[in-house]
Amino acid sequence: MLHDLSIGELAERLAGRKVSSLELTRHFLDRIERLNPALNALVTVTADAALASAREADRRLAAGERGRLLGIPLIHKDIFCTDGVRTSCGSRMLEGFIAPYDATIVARLKAAGAVMLGKANMDEFAMGSSNETSFYGPVRNPWDPAKVPGGSSGGSAAASAARLAPYTTGTDTGGSIRQPAALTGVTGVKPTYGRVSRYGMIAFASSLDQAGVLAQSAADAAAVLEVMAGFDPKDSTSVDVPVPDYPALLEAPLEGLKIGLLREFFDGLEARNARLIRDALEVLTSLGAKTLEVSLPHLPMSVPTYYVVAPAECSSNLSRFDGVRYGYRCKEPVDLTDLYERSRGEGFGAEVKRRIMTGTYVLSAGYFDAYYLKAQKVRRLITDDFRAAFEQVDLLAGPTTPTPAFAIGAKVDDPVTMYLNDIYTIGANLAGLPGVSAPCGFVDGLPVGLQLIGPHFSEAKLLCAAHRFQRATDWHTRRPPGYE
Amino acid sequence: MATEVQLDWEVVVGLEIHAQLATRSKIFSGSSTAYGSAPNTQADLVDLAYPGVLPVLNAEALRMAVKFGLAIDAQIARRSVFARKNYFYPDLPKGYQISQYEQPVVGKGAIRIVLDDGAVKTVGVTRAHLEEDAGKSLHEGLANASGIDLNRAGTPLLEIVSEPDMRSAKEAVAYMKKIHTLVRYLEICDGNMQEGSFRCDANVSVRRRGAAAFGTRAEIKNLNSFRFVEKAIQYEVARQIDVIEGGGKVVQETRLYDSDKNETRPMRSKEEANDYRYFPDPDLLPVEIDEALIASVRATLPELPDEKAARFARDFGLSAYDAGVLSASRETGAYFEAAVAALGQAHAKLAANWVMGDLSGLLNRDGLEIGASRVSPGALAGLLARIVDATISGKIAKEVFESMWSEGKSADALIEEKGLKQITDSSAIEGVIDAVIAANPKQLAEYRSGKDKLFGFFVGQVQKAASGKVNPAQLNELLKAKLAARAADA
């Protein structure tokens with residue numbers, strides 16, 4: 001079936017005129033129509049625009065143009081602004097908001113001939129680890145509809161896992177690509193901070209947010225990342241470092257690669273998960289990598305550090321949603337204060353409000369030093385820990401999450417337990433490092449992810465290690481029952 | 001209410017001046033900064049704070065801030081940080097203003113001002129930082145609504161914060177004028193106060209003379225003329241002294257100056273004190289300012305006002321006061337220098353008097369800037385040359401200058417046309433003198449009998465007979481000789 005093919009295979013068939021972009025697009029639109037109602041992975045389907053883009057891609061193909069993504073469909077997380085298309089960010093605040101411009105990554109993918117099928121559901125403003133905070137309802141995990149797909153890129157992960165598109169885009173502020181990728185059995189890549197433009201990606205926590213991809217394999221992710229990545233003069237935090245040809249670097253040998261096992265990542269990890277991670281590392285060892293145990297002593301402080309820094313930034317970033325220029329506005333405000341209070345009170349959900357309040361508190365006079373400044377210092381210590389570790393090893397490895405997917409409703413009323421789900425992923429965001437989650441087995445029929453973290457701008461090495469692992473295993477090819 | 005500052009009180013003033021930087025585009029977006037366009041036509045997605053947009057620093061704004069810092073010999077930060085100042089207001093689309101808090105571009109520097117008595121005083125500049133302006137809220141002319149114009153939102157400002165070094169309203173005005181002169185010299189601000197390009201907040205307090213600690217200060221916001229600065233401070237000082245002498249305490253608060261009533265009033269009290277929750281803006285990396293950037297900005301520094309004044313005094317023999325007036329703006333200095341160049345350096349003092357006197361008078365009368373003068377520096381020099389070579393007297397020159405201003409003709413053409421050329425022919429002058437002496441035998445007799453001051457009478461009569469065109473020096477000489485000769489004859 002077309003949805004079983006990799007991006008490379010699809011590109012080959014498109015180039016050989018064995019399939020048209022239009023057929024491909026119709027195939028995936030058909031899957032979305034049949035399968036999405038049970039998943040709620042997409043909040044917007046742009047069928048007409050997708051068919052038009054597909055026809056345009058077919059014209060380009062007919063004219064002899066070739067490209068790794070030309071004519072291949074995708075789904076964007078609804079956090080990316082898409083010109084003329086609803087961009088809701090999972091929030092009532094932006095219900096019906098039509099973005100007047102394309103995010104840089106949307107424009108880059110569009111220029112490469114990618115065909116957007118629609119927009120993926122997500123936790124409200126990317127704040128959540130289960131996709132339950134979305135105003136548009138929870139997303140279901142294709143492996144078990146009673147389970148969460150993870151979050152915040154839960155819609156993207158579920159759509160990728162259910163093969164509603166060959167790949168999806170996501171964003172990762174504290175694990176929002178890697179955690180849902182792990183929980184749905186797909187490959188998720190969170191690039192180095194600054195590798196991919198943040199322009200047009202609705203900000204949650206500016207110093208942590210990074211756009212990435214959720215795909216069927218590391219090889220597919222490499223093809224997508226190569227198009228998404230690159231310096232953007234519109235984003236002052238994007239970095240002007242040349243983009244390697246990731247797909248061309250996938251086959252590099254692993255001989256001599258030193259992989260550090262993060263001791264802290266195995267503390268409290270469920271035994272069956274730990275077993276799968278150790279098995280995965282044995283696979284990498286068999287391919288020539290060496291493993292050694294390393295310790296990042298400050299890493300256990302990453303969750304509390306993150307829950308100061310991220311809310312602080314979000315409390316300010318979300319101030320623009322005030323009911324004045326766009327987005328939700330309360331009915332019949334009596335004065336300015338009422339307009340602000342009710343528009344924001346009614347427009348934002350509970351988790352967003354919790355974080356805005358937390359962030360406002362930690363930045364307040366009298367608390368700034370004790371919380372925000374202290375958190376920044378710890379963030380520096382965590383970053384230094386990683387730097388020291390990368391003097392000993394090339395990559396770090398561990399689990400992506402402490403447990404497989406949990407039940408919808410199980411943690412939603414207990415924020416701290418929910419926050420701890422990101423305990424293994426947050427460190428990379430605080431240090432701005434790239435990370436990959438790749439499927440490495442199942443516990444009780446639910447996928448488990450192996451996480452690899454590398455130094456800044458080591459995406460090629462990470463993708464190569466994940467790709468070599470995937471060539472030696474078949475976890476990433478497993479399909480959720482009913483989505484074959 | 002006390003109207004004069006009491007002798008036992010000392011006034012303490014510090015100013016926060018907001019100078020709008022003369023960049024073509026805004027500080028963090030590509031929108032134009034031009035003044036006076038239709039509302040919201042110069043606000044792009046960044047200025048409107050659309051979801052997902054990001055700020056990018058305008059490099060020119062940074063260079064201008066560095067230029068100011070170099071001009072006041074300030075420390076330039078090698079690493080400067082932008083911070084967010086968080087508060088909600090409809091004319092602040094992001095819900096925060098991007099400003100600088102802990103690491104401004106410009107650190108400590110100093111400005112020299114000249115006081116009324118000619119004394120020079122140094123006023124410390126604490127810091128100068130870059131920030132974006134907010135938009136404008138429009139409450140008038142709209143029924144049951146407020147309008148928001150975001151054209152100004154994101155306009156680059158340099159906020160120049162002084163030390164509390166000024167001791168009177170006049171010193172504050174002298175300081176503000178000096179900064180005004182400087183930013184225009186540097187061409188980093190057009191200085192247009194009506195359009196709000198240059199405005200200030202004044203921090204004012206009073207203390208008993210000799211007291212070590214400062215009194216509690218009030219901040220008067222948004223003063224946009226030198227006169228308002230002076231009046232608002234004077235009012236505020238008197239008010240604070242009255243409060244204290246009446247047994248009360250000055251409250252630290254923000255006040256507004258009402259120029260119609262000439263008073264300051266507390267701004268509408270907020271229910272709670274503002275907590276701006278400053279923190280470094282994560283969308284903007286710290287700005288690294290290296291030696292190469294500083295050197296390239298330094299290379300663009302013009303001759304500064306103090307340097308120009310010193311040169312005028314030294315090279316042209318002008319008084320410190322005249323040199324200061326003529327260097328108050330680059331345009332005035334350039335006009336003066338062009339006139340001197342055409343006239344000759346030996347007559348610089350004459351040129352200085354005319355630029356500061358007659359030219360300045362007509363410019364003021366017609367509301368013109370010196371760059372728009374109806375008489376060019378060359379034309380003025382042409383007129384002054386005729387004084388120097390005694391073709392006309394200084395008095396006649398004033399008439400000629402008025403005609404030049406209104407008719408646009410050269411001094412020579414007007415002198416010729418109106419027959420204003422001085423009479424310098426000795427025999428012609430003697431003829432007039434003879435006639436005047438003959439017509440006034442009584443005065444002649446009195447003069448001869450020793451009434452010397454009648455000499456002036458004869459001068460006046462001769463000039464009257466000759467329509468004022470007789471060369472005064474020649475007249476004096478010849479008249480003296482004639483009167484003396486007649487005395488000898490007798």
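What is the mean pLDDT of chain B, and what percentage of its residues reach 70 or more? The mean pLDDT of chain B is 92, and 96% of its residues reach 70 or more, pLDDT being the predictor's confidence in each residue on a scale from 0 to 100. For the complex, the predictor gives an ipTM of 0.96 and a pTM of 0.90. This is a predicted model, in which local features need pLDDT of at least 70 and side-chain atom pairs count only at pLDDT 80 or more, while totals for chains, interfaces and linings use all residues. Residues are numbered from 1 along each chain as its sequence is written, and chains are lettered from A and ligands numbered from 1 in the order in which they are written.

Chain B contains 15 helices and 15 strands; these are DSSP runs numbered from the N terminus, helices being H or I with at least four residues and strands E with at least two. The C-alpha trace of chain B spans about 100 × 55 × 50 Å along its principal axes. Its radius of gyration is 30 Å, whereas a compact globule of 490 residues would have a value near 23 Å; the radius is taken over C-alpha atoms, and the globule rule is 2.2 Å times the number of residues to the power 0.38. Buried residues account for 40% of the 490 residues in chain B. A residue is buried if 20 or more other C-beta atoms lie within 10 Å of its own, exposed if 12 or fewer, and partly exposed in between, with C-beta atoms placed from the backbone.

Within chain B, an open sheet of 3 strands has the order β4-β3-β14, with antiparallel pairing. β4 and β14 of chain B stand at the edges, each with a single partner strand, so one side of each is left without a neighbour in the sheet. Two strands pair if DSSP finds at least two bridges between them. Strand β3(B) (residues 83-86) is joined to β4(B) (residues 96-99) by 4 bridges; in β4(B), Tyr96(B) is the bridge partner of Asn86(B) and Ile98(B) that of Arg84(B). With β14(B) (residues 279-280), β3(B) pairs over 2 bridges, and there Arg84(B) stands opposite Phe279(B). In a regular strand the side chains alternate between the two faces of the sheet. In β3(B), Ala83(B) and Lys85(B) point one way and Arg84(B) and Asn86(B) the other way, and all are buried.

Turning to chain A, helix α1 (residues 7-15) has Ile7(A), Leu10(A), Ala11(A) and Leu14(A) buried. These residues cover an arc of only 100° around the axis, which puts them on the same side of α1(A); the arc is that of the directions from the helix axis to the C-beta atoms. The buried residues of α1(A) pack against α2 (21-39), α3 (47-62), β4 (167-171) and α7 (218-228) of chain A. Just after α1(A), Arg17(A) takes a positive phi of about 60°.

Between the chains, 33 residues of chain A are in contact with 25 residues of chain B, a contact requiring C-beta atoms, placed from the backbone, to lie within 7 Å. On the side of chain A that touches chain B, α9 (302-317), α10 (336-347) and α11 (350-363) of chain A each supply at least two residues. The largest share, 3 residues, comes from α9(A).

Technical notes:
Two residues are in contact if their C-beta atoms, placed from the backbone, lie within 7 Å.
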